[in-house]
Each structure stands twice: as C-alpha cells, then as structure tokens.
Amino acid sequence: MIIAKSKREIDKMRAAGKLVGQVLQELRGIVRPGISTLDVDRAAERMIRDGGALPTFKGYHGFPYSICASVNEQVVHGFPSDYQLQAGDIFSIDVGVTLEGFVGDTATTVPVGEVRTELLQLIRVTEECLARAIEQCRAGLHLGDIGWAVQEYAEGHGYSVVREYVGHGIGRKMHEDPQIPNYGKPGKGPKIRTGYVFAVEPMINLGTHETKVLADGWTVVTLDGRPSAHTEHTIAITEAGPEVLTLVPSGVNRQAEAVLCN
Ligand code: MG
C-alpha cells in the first residue's frame, strides 16, 4: 500500500531531507585521495547525530554502518572500510537519516581527484537520469514514466540500467511501497498521487546491467567488473509538482572537515 503523506508529515520529511542533504554535501567536500571510506562513514555518523537524528542505515537488517560506500565496480550497499580512496576512483556515498520519526535518503557519486573522462560522463549522465526522473514525479503520471525516463536516457548513451535494485516509497520507514524501478514503460504502473514521497535512485553501469553480491552478503558489484554510478534524491509529490526534499544549495561548509580533525 502506498502511503500518501499529509502536509504536516511532508514538513517533517522536509526537515529530514534537508539534514541528510546537508550531510551528503559536506561528505562530498571531504572526499579526496588518501581518505578512507571508514573516515567518511565516521564523519557522517557524527554529523547525523549532531543534527539530532539517527543514521537510518545503521542496524537496518543488520547493516553495520551509517553510509553505504561503493567504489568503482561496486554498485550499491558497499561497506565502509580502511580502503583509502585513490585518484581516479569514483565513490558512491548513500546516506539516510531518521529525524523525528521520518526518513530522508540521498546518494551521489563523487569523482576522486583526477578521473578519466569516461567516468565523469557516466556520473553526469546518471545525474541527468535522476533529473529526468524527477520531472516525472507528478500527480497523474505513472511509475512507468519515471522508470522510462531513466532507462531511455541511460541506454541512449550506451549505458545499462541495474534491474535488481530499485527506488522506493519513503516515509516513517526507509523502504515503503511502491518499488520504483529505473526501467519501465510510459503510462504503465500505479498512478502517482499528491502526497506520495519517493526515493528515486538510478544505478547506471558502463557495461552489463547484471550484478552479483559479494561474500559479505551486502556489497553489490557489476558482473563484468566495469564501473557503476548511483545518485538519489527524496522527492515529495505536491500539488505544485515535484519537490526535491534532499536538495540543498551548494556551498562550502567546513563542518565535515572539523569533524574529521577532532
Ligand atoms: Mg534508497
């Protein structure tokens, strides 16, 4: 069952979305060659708790960390580790917060140092896929319109779309109905209604769309070992159209640096 949110509930989700958006923005700012993905995880947890929220991922079905840290051929759900990011890597950070009972969920893929053009292009197209998907988050359209917007654009650039992992409704729980695939047919699937809140998250691969899960039981990698990019926003469907709750104005904020130095 898809749960429509009241205006008051969306106000709360706006606060959760703003916080997690700020956290992600600040994490993006600390990514550089030599930092470990565990350092990024620790900075995330501190910022989330300092913001009066809980790291939604931590303990979720036993997931042990506050962020998912997925490097290069890792698609999603990677474990933060001692691995030090290197120039040329692409690094997906996925983070969720629970603030006053409501969840915000967002992700981005960050180039580490100098990255080859092919990967910058993959990231850019993945971001454009999300922007196109957001345009479809309107009352009266259908879930298939969202998936099609992603698939058509990604495949048009010669990339492939991950099938096994999808976006989702979001609210008091991180994963609510409906599932929101990044593929589909225009005009098909459930109708989108005002008050729905969606986490839309294209996962776009340079090579095959096929994936497998590593022995840790979580980390999803591409089957062919080629790179993958991931980006996500939490979006409320309002009478006025899509409202991206996790979008924050860009600006340099040194809070994450401060957290790291403590
Ligand atoms: Mg999500």
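1. Strand β8 covers residues 176-180 and includes Pro178; strands here are DSSP runs of E of at least two residues, numbered from the N terminus. The peptide bond joining Asp177 to Pro178 is cis, with omega about -5°. Most peptide bonds are trans, and most residues other than glycine have a negative phi.

2. This is a predicted model, in which local features need pLDDT of at least 70, side-chain atom pairs count only at pLDDT 80 or more, and totals for chains, interfaces and linings use all residues. Residues are numbered from 1 along each chain as its sequence is written, and side-chain values use heavy atoms, with hydrogens and water left out.

3. Asn72, not a glycine, has a positive phi of about 55°. Asn72 sits in the loop between β2 (67-71) and β3 (74-76).

4. His77 also has a positive phi, near 65°. The loop between β3 and β4 (90-99) holds His77. His77 is partly exposed at 25% relative accessibility; buried means under 20% relative accessible area, exposed over 50%, and partly exposed in between, with a 1.4 Å probe and protein chains only.

5. A magnesium ion is coordinated by Asp105 (OD), His168 (NE2), Glu201 (OE) and Glu232 (OE) at 2.2 to 2.3 Å. Donors are N, O and S atoms within 2.8 Å of the metal (3.2 Å for Na, K and Ca); water is not among the atoms, so sites may look incomplete. Along the chain the donors are spaced D-x62-H-x32-E-x30-E. Asp105 lies in strand β5 (residues 102-111) and Glu201 in the loop between β9 (197-200) and β10 (203-205), so the pair ties together parts 96 residues apart in sequence.

6. Asp105 is buried at 2% relative accessible area, and Glu201 is buried at 7% relative accessibility.

Methods
Helix = DSSP H or I, 4+ residues; strand = E, 2+ residues; numbered from the N terminus.
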